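Here is a friendly walk through the model shown below. Have a look at the structure, then read on.

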Amino acid sequence: MAELPDARTLPLDETTRAALAERGLEYRLIENERAAIMDAWSHAVRRGFAGPELSDDEIAEWREPMSWRRVTGVYDLSTPQAERPVATASSWVAPMTVPGGVLPSWSISTITVAATHRRRGVARALLEAELRDAHAAGVPAAGLTASEATIYGRYGFAPATRIATWKVDTRRARWAGPDASGRVQYLDREDAARLMGDLHERTLPHRVGEIPGWPRRWRGRVALAEDKSAAVRTVRYVDAAGEPRGVMAYSVEGDPEDDGRGVLRIRYLIAEHDEALAALWRFAIEHDLVGTVVAPMRPVDEPLPWFVDDARVPVSRQKDHGWLRILDVPAALEARAYAAPASFTMRVTDPLGYADGIWRVDIADGKATVATADAAPDLELSVIELSAVYLGGFSLAVLRAAGRVSGSTETVDAVDAALRVPRAPFLSIVY
Ligand SMILES: CC(C)(COP(=O)(O)OP(=O)(O)OC[C@H]1O[C@@H](n2cnc3c(N)ncnc32)[C@H](O)[C@@H]1OP(=O)(O)O)[C@@H](O)C(=O)NCCC(=O)NCCS
């Protein structure tokens, strides 16, 4: 793949700078190598998410992941804390795994607007600038994870990957999954964080929807970053040849309601092979003094119901997680591989214009060719639906049933067959 653009090199978006200036606000690119400026920005982000003041340790943990991002802030110089921005944003270009390749994705993070400046269009100004920047840099899509599902549809984003919180009543769960030939072993949290990073990079190409991680992400999973909870333990799985293939961070909290048994909470679990996944789940489910296992942020297609003899025991609650916004229809559709041939025209509407048009799509030998067309479209949808189905996590048939897409059953079925992926798209990172 061609080298990804460095988001930090883009100038400040002039349209947003002028729009905010009219409201007496200053839009600035943050010099993230200047600690005082960067630290005030980090405090603003924490305040924006309604959290307590960051400690010095936490501030230090923030510096590395911000050093490679493009960081912007909006300042209101009339406030007593004028050094703290009243709105924040950061972004970088990440290679998102798609079937058969990667899609450069403008990853948007830390969008906050101070409670004192909300609902005056500041977030809209920031988001529109991010999308213009991404488009100007030739990046075909943008991605984010959302605090609320109602915020980003208006900018053309759609939920494209989902996550599940799984819950298992261990008294009713008897292991019926495979017997692993390797072993589960405790390891130090620092070592576990490093192993998480290694395994994430190794598994990345196989999970549609994932993006690369960064060291603080794993330090957070093992409670070495913001929440330094001593209750967190870490184990790894080594295969019969002694190779580490999986790692899990978890804590066990007492449950006064449950007669001495506690809740084992899986903070993070990553497995390179099926055997490692089964072994780590078995470790959790069969843990002594535990009545319930809870695992948030897991794939919706976790094989858990097949691991135990009563498939009704593992229950899951799903929610949207990775949001995607296609900006360049030909580049995005041509970046992924397809499971079946299809030929169709589609009209895509996009309130911000980037994906607007009638497109002819020809899929043969697993690859798509896309060109503009001047014909009656077989499919009609907006950029939201196109972004929702792009990774294969949702089907056009379901969106048509919801009144969001129009097209014949024949076309919808053919396109769904082409988009199909064997495992549910999954993003394990919150950003
Ligand atoms: C969410 C947040 C960034 C919105 O900022 P804002 O400056 O108030 O948003 P804007 O005034 O630009 O609103 C733009 C549009 O989004 C809508 N909107 C804003 N916040 C919304 C929310 N939380 N839920 C639903 N809609 C929202 C507005 O009503 C407006 O709608 P319109 O385009 O139909 O008029 C801000 O409330 C915030 O910082 N919240 C806490 C941190 C957070 O959740 N950040 C998002 C991280 S993913």
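## Domains

Which domains does the domain assignment of the protein chain give? The chain holds domain 1 (7-139) and domain 2 (174-313), with bounds that come from an automatic or database domain assignment. Their centres, taken over C-alpha atoms, are separated by 33 Å.

A word on the basis: this is a predicted model, in which local features need pLDDT of at least 70 and side-chain atom pairs count only at pLDDT 80 or more, while totals for chains, interfaces and linings use all residues. Residues are numbered from 1 along each chain as its sequence is written, and side-chain values use heavy atoms, with hydrogens and water left out.

## Where the domains meet

In domain 1, 16 residues are in contact with 16 residues of domain 2 (heavy atoms within 4.5 Å). About 1200 Å² is buried between domain 1 and domain 2, and carbon and sulfur atoms give 59% of this area (accessible area, 1.4 Å probe, that two parts lose on being put together, summed over both).

One salt bridge is counted between the two domains (a side-chain nitrogen of Lys or Arg within 4 Å of a carboxyl oxygen of Asp or Glu). E61 forms a salt bridge with R219, and their closest N and O atoms are 3.0 Å apart.

## Around the ligand

The ligand is surrounded by 21 residues, and the closest are I111, V113, R119, G121 and S147 (a heavy atom within 4 Å). A polar backbone atom of G121 is 2.8 Å from an oxygen atom of the ligand.

Side chains take part too: a polar atom in the side chain of E148 lies 2.8 Å from a nitrogen atom of the ligand, and one in the side chain of R154 lies 3.3 Å from an oxygen atom of the ligand.

How values were computed:
A polar contact is a pair of N or O atoms within 3.5 Å; within protein, one must be able to donate a hydrogen and the other to accept it, and residues adjacent in sequence count only if both atoms are side-chain atoms.
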